[in-house]
Amino acid sequence: MSQQKSDYADDADIDESLDELASEETIEETVENLEANGFDVIVVDSADEALTELQSLIPAEASVMNGHSTTLEEIGFVDYLTEGDHEWESLPDQIWSIDDDAKRQAARRESQTADYFLGGINGISKTGELVAADRSGSRIGAYPFAASNVVIVSGVNKIVPTLEDALDRLESVAYPLENERAKEAYGVDSAIAKQLILRQELEEGRTTVVLIRDHLGY
């Protein structure tokens with residue numbers, strides 16, 4: 001089931017001041033600071049351009065896994081990974097074809113070491129830090145070290161002035177929206193159970209941030 005931010009926005013009470021489109025000046029400063037912190041950055045104008053960048057970024061025969069990301073849903077990557085004409089090894093297809101719960105969970109853990117792991121983020125500070133959280137850790141577990149390459153895709157609405165603001169955004173924008181999604185999808189409340197701050201990427205070329213000049217994800 002494809003999921004969009006608009007599916008939950010009316011039911012969630014969010015701080016809209018932390019969910020506004022960033023100015024071009026702010027985008028440029030954010031890119032400069034992210035790159036200074038070791039992240040590669042690609043800026044595109046639209047969801048379609050973002051999908052095209054991902055298609056060209058990931059080489060043939062690479063193993064590919066994604067954590068849940070509304071942004072990846074919105075740009076069409078999730079459907080493309082499952083149904084598209086590509087030469088990647090799609091780990092989600094393998095995982096969700098496993099009937100045994102224990103074996104499927106083990107495969108999910110193994111997928112954290114994919115050649116390319118894609119996902120979203122909950123906040124980006126203009127000063128160059130990334131903030132994300134998860135209930136189980138399956139989405140963010142690969143980000144710090146496990147995956148060979150990480151690609152984080154985000155709308156520029158997630159850019160805020162400081163790291164403190166990014167943490168506030170996690171609590172007052174991302175969590176309320178994710179909580180509504182979790183209740184509909186899983187029948188349970190979500191939780192900021194496991195939280196991650198990426199201040200630097202020390203391995204050259206490992207982590208790429210794709211910024212979209214659009215209002216996407218949460």
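Contact here means heavy atoms within 4.5 Å. Helices (H or I, at least four residues) and strands (E, at least two) are DSSP runs, numbered from the N terminus. The model is a predicted one, in which local features need pLDDT of at least 70 and side-chain atom pairs count only at pLDDT 80 or more, while totals for chains, interfaces and linings use all residues. Residues are numbered from 1 along each chain as its sequence is written, and side-chain values use heavy atoms, with hydrogens and water left out.

Which residues of α3 are buried? They are A47, A50, L51 and L54. Seen down the axis of α3, these buried residues fall within an arc of 100°, so they line one face of the helix; the arc is that of the directions from the helix axis to the C-beta atoms. An α-helix has 3.6 residues a turn, so residues three or four places apart point the same way. On the other side of α3, D48 and S56 are exposed, a term for over 50% relative accessible area, with partly exposed in between.

## The six-stranded sheet

Six strands form an open sheet in the order β1-β10-β7-β4-β2-β3, with parallel pairing. Two strands pair if DSSP finds at least two bridges between them. The edge strands, β1 (40-44) and β3 (89-90), each pair on one side only. Strands β7 (residues 149-155) and β10 (residues 207-212) are joined in the parallel sense over six bridges, and G155 has I212 of β10 as its bridge partner.

Two helices pack on this sheet. Helix α2 (residues 24-36) touches β1 and β10, and its direction makes about 160° with that of β1. Helix α3 (residues 47-57) touches β1, β4 (116-119), β7 and β10, and its direction makes about 160° with that of β10. Axes are lines fitted to C-alpha atoms, for helices over the stretch in contact, and angles run from 0 to 180 degrees between N-to-C directions.

## The four-stranded sheet

A second open sheet has four strands in the order β8-β5-β6-β9, with mixed pairing. At its edges stand β8 (159-160) and β9 (194-198), each with a single partner strand, so one side of each is left without a neighbour in the sheet. Strands β5 (residues 123-125) and β6 (residues 130-134) run antiparallel and are joined by two bridges; I124 stands opposite L130 in β6.

Key: Buried < 20%, exposed > 50% of the residue type's maximum accessible area, 1.4 Å probe, protein only.
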